[in-house]
Amino acid sequence: MKFNSSEWGQKRLHNMIRDRGDWVISRQRVWGVPLPIFYAEDGEAIMTKETIDHVAKLVEEHGSNVWFQREAKDLLPEGFTSEHSPNGKFTKETDIMDVWFDSGSSHQGVCAERDYLTYPADLYLEGSDQYRGWFNSSLITSVAYAGHAPYKQIVSQGFTLDGEGRKMSKSLGNTIVPSEVIDKMGAEIIRLWVLSVDTSADVRVSMGSFQQISESYRKFRNTVRFLLANTSDFDPNTDAVAYEDMESVDKYMTILVNRFTKEILDAYANYEFMDIYKKLINFLTTDLSAFYLDMAKDIVYIEAENSKKRRSMQTVLYDVAVRLTKLMTPVLPHTTEEVWAYLKEDEDYAQLSEMPEVNHFNNEEKVFENWTKFMRVRSSVLKSLEMARNDKLIGKSFEAHVDLYVTDEVKADLDSLDTNVRQALIVSALDVHSFEEAPENANVYDNEIAVTVEHAVGDVCPRCRMIKEDVGSDEQLPQLCASCAKLVRENYPEAVAEGLE
Ligand SMILES: [Zn+2]
């Protein structure tokens, strides 16, 4: 059997069953599911297969209220007699069945009875108080009756408490009405909040929690908007670049997004919703926003429209947009449906699409390893850039000229990336030297990487936003740096003729 909070839930149910005493299944209430017992004139209880089957048939035809509506003689089989009732008089039991027995036998009354349901059920889902209640009584009745549990999995959820951990109540005035949050921030925020907390235990919630979540929501929305904006001229059917032909960094991102896909699908399968939230935010923030999308700007805006380098990146951006949309559809159905209208997929609705597949690629371990190593170099450079910014040496990172001093091993790692390292670091200039040449003022990391940062020399090229010494070297396109001028001349001759606007 599988539990969402697996070990904890299993232990809890185990202990509840172990410590459970006798179960009195009758209750003294005026109404409920009757106990089909009759009494003869001398007090003898009558409970035979014949009488029970007859009552069961009446209940099937008229509902359980029939027990309360009819006299005892009208609930017994026609012509029923007993030696204990010489005058033919009978009375009926007035106690009812314990409600936990009712719900605890629903696996027979509901699951086993209906063609479209299965017994054992795939899943029992309820509040965490049901380890004592429904999960418990169902297990006992099913094991007694069939020798196995009535469910394959249990998922339990905690209760919501206020920000101080107190139970919510009207008299305390500490309740949060979901409809008010919905009016203020939208229903997606509530769902995203539920995703973000550990619902296997009780959960604290305050209006502040929703504020925080709405920022995460905005992060998702803005990321997808960026992906859509940068693929608006991309047709996945005609412009997509195959993995083998992609730029190195695009391969890396493709591998990452497939691994991310697997992690999210696994988390859904295991009901680990909080994990989905954490992984989503980390992917949006670290892998996309702080790295790939930052770099993407320099390629999607600058490279020629139909160049392979640009199409390679757009292939990934589009794939990421589709995957994020599909993966988040169960939680953010309105937002993802809105996004879907801009994607160029065959299905009409995100709701009708399948979850994305997890793909694997030739050599993916190696590519992943190379870029993981690059990320270490990058984090060293980022630290040095941060220091340079604090020293007012540079403003934005791309104003920097970075000198990198690395060991032969790190140099080989960088070469194996097969990428423009300067572009991947988003700086105006980069020179790579051997580690031994590092000057005294360099920042040294792990005894294998040293970094110095200066303000790049030259002027800002308005097209690629880098600072280059050769800005103005082209007579016809004097605003641009030499490489932008060359690219524009080759790809957009009409712009050159008109004088670049
Ligand atoms: Zn330029």
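This is a predicted model: local features need pLDDT of at least 70, side-chain atom pairs count only at pLDDT 80 or more; totals for chains, interfaces and linings use all residues.
Which spacing do the donors of the zinc ion follow along the chain?

1. The zinc donors follow the pattern C-x2-C-x16-C-x2-C. They are the SG atoms of Cys-461, Cys-464, Cys-481 and Cys-484, which lie 2.2 to 2.4 Å from the zinc ion. Cys-461 sits in the loop between strand 15 (459–460) and strand 16 (467–468), while Cys-481 belongs to the loop between strand 16 and helix 17 (482–491). These two cysteines are 20 residues apart and link distant parts of the chain. Both Cys-461 and Cys-481 are buried.

2. On geometry, the zinc site is tetrahedral, with angles of 104 to 115° among its four donor atoms. For reference, the ideal angle for four tetrahedral donors is 109.5 degrees.

3. Have a look at the largest pocket, which holds about 910 Å³ of space. Its lining has 24 residues, and Val-33, Met-97, Phe-101, Ser-105 and Gly-109 lie nearest the centre. Helix 2 (49–62), helix 4 (99–104), helix 5 (106–111) and helix 6 (134–146) each supply at least two lining residues. By type, the lining has 14 nonpolar, seven polar and three charged residues.

4. The second largest pocket has a volume of about 490 Å³. It is lined by 25 residues, with Pro-236, Tyr-318, Asp-319, Val-322 and Glu-345 closest to its centre. Helix 10 (248–269) and helix 12 (308–328) are the elements that give two or more residues to this lining, and helix 12 provides the largest share, seven residues. Here the lining divides into twelve nonpolar, five polar and eight charged residues.

How values were computed:
Residues are numbered from 1 along each chain as its sequence is written. Side-chain values use heavy atoms; hydrogens and water are left out. On a 1 Å grid over the protein atoms alone, a cavity is a set of points where a 1.4 Å probe fits but cannot get out, and a pocket is an open set with protein on both sides within 12 Å along at least five of seven lines; lining residues have an atom within 4 Å of a point. Grid points are joined across faces, edges and corners, and a volume is the space filled by probe spheres set on the points. Helices (H or I, at least four residues) and strands (E, at least two) are DSSP runs, numbered from the N terminus. Ala, Val, Leu, Ile, Met, Phe, Trp, Tyr, Cys and Pro count as nonpolar, Asp, Glu, Lys and Arg as charged, and the others, Gly among them, as polar. Donors are N, O and S atoms within 2.8 Å of the metal (3.2 Å for Na, K and Ca); water is not among the atoms, so sites may look incomplete. Four donors count as tetrahedral if all angles lie between 85 and 135 degrees; four count as square planar and six as octahedral if opposite donors are over 155 degrees apart and all others between 65 and 115; anything else is irregular. Buried means under 20% relative accessible area, exposed over 50%, partly exposed in between (1.4 Å probe, protein chains only).
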